[in-house]
Structure formats: C-alpha cells, structure tokens
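Welcome! Please take a moment to look over the sequence and the 3D structure before reading on.

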Amino acid sequence: MAEPSVPILMYHAVAADPNDATRTLSVAPEAFAEQMALVGDLGLTPLGTAELAARWRDGRPLPARPVLITFDDGYEGVHRYALPVLAEHGFAATLFVSTGWLRGAYDTGGGLDRMLDWDQVRELAGAGVEIGGHSHSHPQLDQLGEDSLRDELTRCRDIVADELGAPPVSFAYPYGYSSRRVRQAVRAHGFAQALAVGNGLARRRQGPYALQRVTVRRNTGIEEFGRLVEARAIARAFAGDRALTKGYAMVRRARRIRRKAGRSSV
C-alpha cells in the first residue's frame, strides 16, 4: 500500500490591496473563500498541524482526504478575511507567528504589511486556530550562530506562551530553510513538529521536523488549486520553483563557506 501523502497549504497574507512586499504571496479574500468552498465541495478534511503529526507519531489512521491549511508570519487579513471563512466551514487551520512582527509590546517593526495584534491572535486561538511559532524576527535560521538561533526560538516560544497561556507545539521555518542543527534546536525548544516548504506533499517518512508544504499565491487559479489539494501534478506546478531553489541553495552554501573561512582566519 502506498504511503499516505497530505497536501499542506502554505498561505501568507489574505488581502484585498496588498503592498508590493507581500503581493506575490498574498491571496485575495474572494479567492480564499472560493478555495475553501472547493475544499468543502471535494470532501476534504482539514487538520491542525499538531493533530497530523500526532496521528503519524502514534500510528493512528488519518481521516478521509486530509489537508492542512496554514498561514505564515501573522498578517492582519488572516483575522479579518480568513477567520470568518474558516468558521463558516468549520475548518481547522494553523497560524505560525513571527512574534517580533506582530503589533504590540514585542514589535520590532519588521512586519512587511499590516500585522495582527495579540488580541486578534487570541481570538484566532479561541476560534480553534492552532498558533505555532515562526521565530521572533523571521531570519534565515540556518545562517545564524548558536546564540542568535537560541534567542530567536526562545523568544518566540516564550512570548506565545505568555500571551496565550501555553507554549506553541508546532513550528514553521522562516523561508522554509533549516538544517540538522536548526531542527535539533527546534526540537530542544519543545516544538514537537515543524514545517518546511519544498512544494511537495507531506509524508510520514519526511520526519516530524521536515514536513513539506505547497505554496498558494495570488496567481494560483482555482483549477490549479484543485490540482494541489487533490495531489495532482504537484511536481509540474512547482518545477520552476525547484530550479530557483536549487540555484539559491548553491549561493547560500557559498556564503556559509566564506563566512566560516573568514572566522577561521581571524
């Protein structure tokens, strides 16, 4: 029997009029509503990130036609536009917050557009949306030294715990970047599972700290969205993304080598 695979949808902003920084990875409110209606029409079963990972960890069967709906960063439109649609359908979802980007006492000013405030995050949590961690200031975690990496994870975990009354158990890597060192640190900070990007289907064999997701963009039409949630032609849909990812990975690897060489020569 083939190993079950699960489409994990990665959203960012849901916005009627996004700015230039978030436009490509934003989704129009009308498009999001249409996409969620299709999820319902197809008989898919949305799960939270923690529930999927727990089922795979415990060996429990998955529900019929599972799918995950996830949001990164913490844009205000998740509360304004996405929450009413999710509530209408009774869908589970996960929001991964960069705590230093949210409006309030911890705001570093790094948010790319209008961000959620903590009252809105609490409303989302109260409505059943799982709140996960997405670092504090949204850096490329695999490029950080040990102290900075520890600080990003500790601040994110502790701020969410202080604001919501419980620490987050799921994590999403900013930009999707991780490494064995980063994954070990995420686990050591109490996160039980973590999501990457990869633009592929999630499978149990990926391990709980490297589950892949598929990106939903502003130009994702409803036909393409249907193929994503039905796990059809995923590789073809993201062929260009993979080529760019491989090229950028080589650039990032060269940068790491140069940094290490610079440190060793000091």
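What follows is a short tour of some helices and the contacts between them.

## About the model

This is a predicted model, in which local features need pLDDT of at least 70 and side-chain atom pairs count only at pLDDT 80 or more, while totals for chains, interfaces and linings use all residues. Residues are numbered from 1 along each chain as its sequence is written, and side-chain values use heavy atoms, with hydrogens and water left out.

## Gln-35 in helix α1

Let us begin with Gln-35, which sits in helix α1 (residues 29-41). Helices here are DSSP runs of H or I with at least four residues, strands are runs of E with at least two, and both are numbered from the N terminus. Gln-35 is buried, with a relative accessible area of 1% (buried means under 20% relative accessible area with a 1.4 Å probe, protein chains only).

Which residues does Gln-35 touch, leaving aside its neighbours within four places in sequence? They are Tyr-11, Val-27, Val-216, Thr-220, Ile-222 and Phe-225, where contact means heavy atoms within 4.5 Å.

## Helix α3 and its kink

Helix α3 covers residues 77-89, and its end C-alpha atoms are 18 Å apart, in agreement with the 18 Å that its 13 residues should span at 1.5 Å a residue. The expected span is 1.5 Å times one less than the number of residues. At Leu-83, shortly before the proline Pro-84, α3 has a kink of about 40 degrees; this bend is the angle between axes fitted to the seven residues ending there and the seven starting there.

Just after α3 comes Gly-90, with a positive phi of about 70 degrees.

## How α1 meets α3

Two packed helices are described by the angle between their axes and the distance between the axes. For α1 and α3, the axes come within 10 Å and cross at roughly 20 degrees. Axes are lines fitted to C-alpha atoms, for helices over the stretch in contact, and angles run from 0 to 180 degrees between N-to-C directions. The two helices α1 and α3 are therefore roughly parallel (angles under 35 degrees).

On the α1 side, Pro-29, Phe-32, Ala-33, Met-36 and Ala-37 take part, meeting Tyr-81, Ala-82, Val-85, Leu-86 and His-89 of α3.

Technical notes
Buried means under 20% relative accessible area, exposed over 50%, partly exposed in between (1.4 Å probe, protein chains only). Angles under 35 degrees count as roughly parallel, over 145 as roughly antiparallel, 65 to 115 as roughly perpendicular and the rest as oblique.
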